[in-house]
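I opened this entry to look up charged pairs.

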Amino acid sequence: MQTKSGLFEKAWRREVKPREGVIEILQMMKETGLRSTVASSNAAQTIAGIIKHSDLDKLIDAVVGVDGVRACKPDSALVSTAIGKVGASPMGSIYVGDSRYDMMQDERPAHEQFLSFSKLRRGRT
């Protein structure tokens, strides 16, 4: 019998692909010296595997998973830790989320705390 994590890995290996334009945007960011991080409610090792599988590992500068912080979103610890890993500040950051939990950080709307906030519709990464 497969474990939950085994079933999840099998599913993302089959289904997860970068959204159109993501690789090009990350390449432009890298070329201009902008840094990128991923903050996820999954474990850092899982996210790193997804990033490598998607050929994004050379374009993402840091990964922070729930296992690396004291609390999950909407608590700001996860995103703050990710921002800190690349030496940025919240108001100097663009934050892209894909869930309702991403829209709030410490009970404050994300658009009030970051240079820019965008919410993606669910589907592909």
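I started with E15 and R14, whose side chains meet in a salt bridge (3.1 Å, N to O). I count a salt bridge when a side-chain nitrogen of Lys or Arg is within 4 Å of a carboxyl oxygen of Asp or Glu. The model is predicted, so local features need pLDDT of at least 70 and side-chain atom pairs 80 or more, while totals for chains, interfaces and linings use all residues. Residues are numbered from 1 along each chain as its sequence is written, and side-chain values use heavy atoms, without hydrogens and water.

I searched the whole structure and found 4 salt bridges. R35 pairs with D61, with the closest N and O atoms 3.8 Å apart. R35 sits in the loop between α2 (22-31) and β1 (37-39) and D61 in the loop between α3 (44-53) and β2 (62-64), so the pair ties together parts 26 residues apart in sequence. Helices (H or I, at least four residues) and strands (E, at least two) are DSSP runs, numbered from the N terminus.

I then looked up K52 and D57, whose side chains form a salt bridge at 3.8 Å, N to O. K52 is exposed at 54% relative accessibility. Buried means under 20% relative accessible area, exposed over 50%, partly exposed in between (1.4 Å probe, protein chains only). D57 is partly exposed at 31%. Shared partners join K30, R35 and D61 into one salt-bridge network.

Next I checked the fold. I read 4 helices and 6 strands, in the order α-α-β-α-β-α-β-β-β-β.

Last, S93. Is S93 buried or exposed? S93 is buried, at 8% relative accessible area.
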